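Good morning, colleagues. I would ask you to look at the model on the screen while I go through its sheets and then its domains.

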Amino acid sequence: MGLRPSALTFDFIAKCSTTKARAATLHLPHGPVQLPMFMPVATQASLKGLSPKQLEETSCRLCLNNTYHLGLKPGQATLDAIGGAHKLQSWPHNILTDSGGFQMVSLLKLAKVTEEGVRFLSPHDGTPMLLTPEHSISLQNSIGSDIIMQLDDVIATTSPDLTRIREAMHRSVRWLDRCIAAHKKPESQNLFCIIQGGLDLDLRRECCKEMVNRDTPGIAIGGLSGGEAKAEYCKVVNTCTGLLPDHKPRYVMGVGYPEDILVSIALGADMFDCVWPTRTARFGNAITNTGTHNLKNAAYAYDFGPAEEDCECMCCRKPENGGLGITRAYIHHTAAKETAGAHLLSIHNVHYLLDMVRRAREAIVEQRYPEFLHRHFDRLYAGDKSKYPHWAVDALKGVGVDLMSPQH
Ligand SMILES: [Zn+2]
């Protein structure tokens, strides 16, 4: 057991006998969630176009909120007055918040990192502001999220400046210490550390060792999904999971596409988040087992099937089964001019990813995850193995699954 107070328990359910995939139940303050898990991103306390009730109906029990946005609006005083983000958005389930640092560095061109924190100019009136590890934790304490993230020093994985990457890794460890010291509610909110170190495996190893010593309730692998080669991404995830304790959740931040998630699960990761399912819905894209289809395409104008056959989401399910029975043709006709089409597709896309990871978990528990991977790639690429991405084939081969061999 850990030395520090924690507001979660991690029940190990099963380990894949071939790959490094795991299945667990994570008990959080607002109820249990099943790992592995995909977490939708609700930037400003709402998933774009979806009500909390609709989000709940996708089977989501843990969503992301954005500390930077909540800190600006409604702001800390209002959050304190209301009693946190669960009450603000009437969401009875779990919330995870980021530190706010990444948004500043990525959104605000003038952000500058010093040992003290991240300096930036207010997007409202241009006044200089400073986000420190202490301020980030104080904001997240006011938000009341079940999982809170440390402020880290994030460098693009594509940066060639190894000195700066090393500095950022060590600074992230020092900032974790400041976050731990500033955290006022360790009994009700779980602070996760974030492993940094770019694509340098030695730096990642050193960071894992330092972070694991600090004994936070959960561990994130950060700084990825920034345009690095997928093969490099897989090496970092695989190296880190090999050094992390078995009995703590492992969250790979900002990932990703269905294949990225399934391969990362095989490499031993448990939690994922991405804005992609809702963002791509706004362009009319439906995520399915046979790939991502753009329903704005003329071919769908008279297609009266659902976004995906046999999909159990509110959008696709037939009215006689309590669903909306939305057709591809309807989304085709509304996607271009109405927001309704995008909202309906968001429901489908979020449900698809939640359900895909749920099915992956079932396969892990039943010791058939390798077969599950074979079948997923087979359907996704319509049986054409020459189209399988090399990085996925190589990464899976490294954990005992050869996608190119005939399936047994
Ligand atoms: Zn659906």
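Predicted model: local features only at pLDDT ≥ 70, side-chain atom pairs only at ≥ 80, totals over all residues.

Three strands, in the order 1-2-3, make up an open sheet with antiparallel pairing. Strands here are DSSP runs of E with at least two residues, helices are runs of H or I with at least four, and both are numbered from the N terminus; two strands pair if DSSP finds at least two bridges between them. Residues are numbered from 1 along each chain as its sequence is written.

Strand 1 and strand 3 (31-35) are the edge strands of this sheet, each pairing on one side only. From one strand to the next, the twist averages 15°; axes are lines fitted to C-alpha atoms, for helices over the stretch in contact, and angles run from 0 to 180 degrees between N-to-C directions. Five bridges link strand 2 and strand 3 in the antiparallel sense, and threonine 25 stands opposite glutamine 34 in strand 3.

What packs on the sheet? Helix 12 (residues 339-365) does, touching strand 1, strand 2 and strand 3. The direction of helix 12 makes about 120° with that of strand 2. Contact between two residues means that their C-beta atoms, placed from the backbone, lie within 7 Å.

Strands in the order 7-8-9 form an open, antiparallel sheet of three. Strand 7 (112-113) and strand 9 (128-131) each have a single partner strand, so one side of each is left without a neighbour in the sheet. Strand 7 and strand 8 (residues 118-121) run antiparallel and are joined by two bridges, with valine 118 in strand 8 as the bridge partner of valine 113.

Finally, the domains. An automatic or database domain assignment supplies the bounds: domain 1 covers 9-65 + 86-95 + 153-274, and domain 2 covers 281-367. Their C-alpha centres lie 27 Å apart. In all, 25 residues of domain 1 are in contact with 19 residues of domain 2.

Which element gives the most to the side of domain 1 that touches domain 2? Helix 9 does, with four residues. By class, that side has 16 nonpolar residues (Ala, Val, Leu, Ile, Met, Phe, Trp, Tyr, Cys and Pro), three charged (Asp, Glu, Lys and Arg) and six polar (the others, Gly among them).
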